[in-house]
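My notes follow in the order I made them.

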Amino acid sequence: MDWDLLSPGWWRAHLPGLMVAALVAVAAQFLSEHYGAPAMLMAILLGIALNFLSEEGRTAPGIAFAARGVLRLGVALLGLRISAELFLGLGWPVLALILAGVVATIGFGLLAAPRFRAARGFGFLTGGAVAICGASAAMALAALLPRGEKGERDLVFAVVGVTILSTLAMIAYPMLAAALGLDHRLTGVFLGATIHDVAQVVGAGFSVSPDTGEVATLVKLIRVALLAPVVLVAALVLRGKAGGDRPPLLPGFVLGFLALATLNSMLVLPHWLTAAAGDISRAALLMAVAAVGMKTSVARLMQVGAGAMALLLAETAFLAALVLTGLWVLETVG
């Protein structure tokens, strides 16, 4: 625990920036609820427009803390949405397909990145975002990568890119599943295993049927659960490559994620508690996304290039093709 958080001086230095990030998050949520725009996308776009606030002045320290510290709180609280019961409800073949999709997509991102004139770190970031849970995964994985303006720029691009693609997939994938003749359960597995963000999975699934929505949400939460082992493996690899100042073996926010998931598996927690934790997690992630946007300028964002967007598209197409092929195999064998 950072004991500085208990200091009045720390709060005097950081509160202005935290309040600005929270205000942007509230504005993004308002736009989402009233106009149907993705809240994450709105938060990051509004944040970019307020980039000057993070460069100097009273708000800079709080914005910097929101972009990392508040992010980790939001990711850790995702653990209360995960339990062992989720895994047992789908069956091992579907679980194996979900795991294969996550691992293969991250591997594809790492291998394909140089061909798209992107760094392997960017391929890992975008591959993890596509494979696991969109913006939330991108932010969790970015916390492991070296800091710097380029890293923050890449993170913003990844968040914007996967949010846009996830929204398009929410519209297109149910039509694709219908054209392929998938039943409600297979459609749910397809949507949950391929669409990037949780909100878009829920929207796509329940637009087909209640049964499809429930299966899609369940599959998506399994992908969210894989965030912790992916971050752990990445931390081990990066720790091995680091010099004298090595990163921690297991980041604290991942330890919190695992602890809360274990608690949720062992105990029947009251619904109000898990619901409150979910609300706080979403608010924290939205606030962190707003802060990351404020730390990124449009000029730096445009430096990423067309190759980066092409890489995101390729990763998205790769995951969809892999899952559809896996579903076909499971149906043929079954």
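**Helix packing and voids**

I began with a helix pair in this predicted model. Helix α5 (residues 92-112) packs against helix α15 (residues 306-333) at an angle of about 150 degrees, and their axes are 9 Å apart. Angles over 145 degrees count as roughly antiparallel, so α5 is roughly antiparallel to α15. I noted the handedness as well: α5 passes α15 in a right-handed crossing.

Next I listed who touches whom in this pair. From α5 the contact takes in Pro93, Val94, Leu97, Ala100, Gly101, Ala104, Thr105, Phe108, Gly109 and Ala112. On the α15 side I found Leu311, Ala314, Glu315, Phe318, Leu319, Leu322, Val323, Gly326, Leu327 and Leu330. Sorted by class, the residues of this contact of α5 with α15 are 15 nonpolar, 4 polar and 1 charged.

I then asked which residues line the largest cavity. They are Leu97, Ile98, Gly101, Val102, Ala131, Ala193, Arg223, Leu319 and Val323. The lining divides into 7 nonpolar, 1 polar and 1 charged. The space inside is about 30 Å³, and I counted 1 cavity of 30 Å³ or more in the structure.

The second pair I looked up was α9 and helix α10 (residues 210-225), whose axes come within 6 Å and cross at roughly 160 degrees. These two helices are therefore roughly antiparallel to each other. The crossing of α9 past α10 is right-handed. In α9 the contact residues are Val198, Val201, Val202, Gly205, Phe206 and Val208. They meet Pro210, Thr212, Gly213, Glu214, Ala216, Thr217, Lys220 and Val224 in α10. I recorded 8 nonpolar, 4 polar and 2 charged residues for this contact of α9 with α10.

How many residues line the largest pocket, and which lie nearest its centre? I found 28 lining residues, with Ala39, Met40, Ala199, Gln200 and Arg282 nearest the centre. At least two lining residues come from each of α1 (8-35), α2 (39-49), α6 (120-142), α7 (149-179), α9 (198-208) and α13 (271-294). The largest share, 6 residues, is from α13. By class I logged 16 nonpolar, 9 polar and 3 charged residues in the pocket lining.

Technical notes: Residues numbered from 1 in each chain as written. Predicted model: local features only at pLDDT ≥ 70, side-chain atom pairs only at ≥ 80, totals over all residues. Heavy atoms only, no water. 1 Å grid on protein atoms, 1.4 Å probe; cavity = no way out; pocket = protein on both sides within 12 Å on 5 of 7 lines; lining within 4 Å. Helix = DSSP H or I, 4+ residues; strand = E, 2+ residues; numbered from the N terminus. Nonpolar A, V, L, I, M, F, W, Y, C, P; charged D, E, K, R; others polar. Axes fitted to C-alpha atoms, helices over the stretch in contact; angles between N-to-C directions. Parallel < 35°, antiparallel > 145°, perpendicular 65-115°, else oblique. Left-handed = near helix turned anticlockwise from the far one by under 90°. Contact = heavy atoms within 4.5 Å. Points joined across faces, edges and corners; volume = space filled by probe spheres on them.
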